[in-house]
Amino acid sequence: MYGHTRSRQGIEPSLVAFAVPCHSCIIAPAIGSVGSKGTIGRPGIPMKGAVVTDVANPEAETGSQRSVDALSAERRSKRDSLRDKGIDPYPSRFDRSHTNAELRKRHGDLPADARTGEIVQVAGRITSVRGHGKLVFATLQDVSGSIQLLIPVSNLCEAGAAVLDKSDLGDWVGATGEVIVSKRGELSVELTELQLLSKALRPLPDKWHGLSEAEMRYRQREVDLLANEDTRRVFGIRFKVVSAMRDVLVAEDFLEVETPILQLQAGGAIARPFVTHANALNIDLSLRIAPELYLKRLVIGGFERVFEIGRNFRNEGVDTRHSPEFTALEAYRAFGDYTDGMGLTERLVVAAARVATERMTFTTAGGPVDLTPPWPRQELLGLIEEAAGRRLHPSDPVDDVRSACRDLGVEFEDPWGSGRLIFEIYDKVLLPNMLGPVFVCGFPVEVSPLARHQLTDETLTDRFELVVDAKEYANGYSELNIPEEQEARFRGASAAAAMGDLEAHPSDMAFVRALEYGLPPTSGIGIGVDRLVMLLAEVDAIRDVILFPMLRPESQG
RNA sequence: GCGCCUCUAGCUCAAUGGCAGAGCAACGGACUCUUAAUCCGCAGGUUCCGGGUUCGAAUCCCGGGGGGCGCACCA
């Protein structure tokens, strides 16, 4: 929008090349008055000759380093030769009139050889050049997409021609020209001016194959992003997913809050935390494994609807579905129960899919998944009955449930009670075969230390999990708000921990004290954002939806 | 943590015990409608690191490192 008023400037296109000096030419004397002499020795600016210094450092040299240096030195010397002509290779700003996508939207349906008479200023990175002597084609990529630059070299002033002559793939440039369509029908900007905005000193990956080695894609994500269109697609989806869900929550009067990441005791889930140290207080702290307990304290404080989208940290295994730091959305809503949680979860996921992909059907390893609501809601014990051929219940004697586990080939450990064993059957037998989307409801109290028990059955909770393609995407429940019961569950867990169960939820007496001020009936949900993005972007590694995934230090060779 | 696979030019990949190669990128040149432009020419290597076997190792063996996948834990 900001471009429309400045795009024409009342100049006849045919006159532009001859009558109007380009920006570079205007800039040139200003810099030239300081002169290349004047810029030499300016602090912080790499100068001509720096190449020599770099290459002359024998200690830093390896064979491949020499090769990089050769390509890089070539680019440095091009940049420096522009400086010698009085052209600033790092100008401070550029007035873009349109993004490439805006131009396509305005002029995308013109026939071949059309001219618009509209002068525009575009900016981006050069990703491809096709030279024909006095006519050069280049592809300019900006955040919105690509557009072709059609460059009659004779149109350019001396400075512009120099910039073109010394250009490399990867350079950022700003360009001025008329929007036209080439004879072969490609929407183009026919340049009258070309300005270097920033020089790329390192060579780009293969322009056709891109960057494929996973390690470098993760370590140097910026290169992955600039070289691989699909990577830009995936993260575009990610950003839209997060903002779509935020929009839904804000529209439903939830407040976005921030709670501690550094915690005295990591609670709200069962996981091994990362531990760090606060020098000022001389205490060890854990990085949070979930924001749950703090968010409920905010509901107790009177913020009736709160949510947080943030990073959780779990010091556990790393694989295609688990990252040590991952993003979760948690939302808590006073006066609701777990059925409200299911409704909210459904609205959030559907909005994310609609905004980010404009689709509802997605390909997964297990087959196509249709997210069109409403999603079925099924009772865990009913599903178990179908799979095991017999009714199991958390109140059943442990030995009975153990024998069911043996029949189903489910391994178990001694401290586990009937509830945990039933959950294990679900996790190992049912879950791997579920395509979904489906809400599984009614989990045993034993595996749900923070969830309210059912009115009619004290061994089960009003809790759900959202399952898609054999994985848990969301989890939610009617929050346990009875202080004595919460304390008792914590104590039970502590006892289990004392008996060697590493998977017990730690007691948090500050949270129990908070509950004593009164938590209203509350519905809470948590959604794994990374996994949701994986589903919607149809990628199968969590690293591919995290910009900078955790890796070991780079090998020093 | 265990098992399997992998690492060769800036990038993508060949070469399986016998002279380390191609495409793209770069460099020099031709070219006013290309879009993986084309054509001619030229250059580019510690084959991840260290040891061993061999007349000879990118290739086989041992050890180490990075990465990927699978199993276990976990969401």
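Me: How many salt bridges does a search of the whole structure find?

Reply: A salt bridge here is a side-chain nitrogen of Lys or Arg within 4 Å of a carboxyl oxygen of Asp or Glu. The search of the whole structure turns up 34 of them. Keep in mind that this is a predicted model, where local features need pLDDT of at least 70, side-chain atom pairs count only at pLDDT 80 or more, and totals for chains, interfaces and linings use all residues. Residues are numbered from 1 along each chain as its sequence is written, and side-chain values use heavy atoms, with hydrogens and water left out.

Me: Which residue forms a salt bridge with aspartate 95?

Reply: That's arginine 93, with the closest N and O atoms 2.9 Å apart. For accessibility, buried means under 20% relative accessible area, exposed over 50%, and partly exposed in between (1.4 Å probe, protein chains only). Arginine 93 counts as exposed because its relative accessible area is 58%, while aspartate 95 is partly exposed at 32%.

Me: Where do arginine 233 and aspartate 230 lie?

Reply: Both sit in helix α9 (residues 229–251), three residues apart, about one turn of the helix. Helices are DSSP runs (H or I, at least four residues), numbered from the N terminus. The two side chains meet in a salt bridge at 2.7 Å, N to O. Arginine 233 is partly exposed at 32% relative accessibility, and so is aspartate 230, at 41%.

Me: Are arginine 463 and glutamate 465 buried or exposed?

Reply: Both are buried, and their side chains form a salt bridge of 3.1 Å, N to O. Elsewhere, salt bridges with shared partners link Lys78, Asp168, Asp171 and Lys199 into one network.

Conventions:
Chains lettered and ligands numbered in written order. Helix = DSSP H or I, 4+ residues; strand = E, 2+ residues; numbered from the N terminus.
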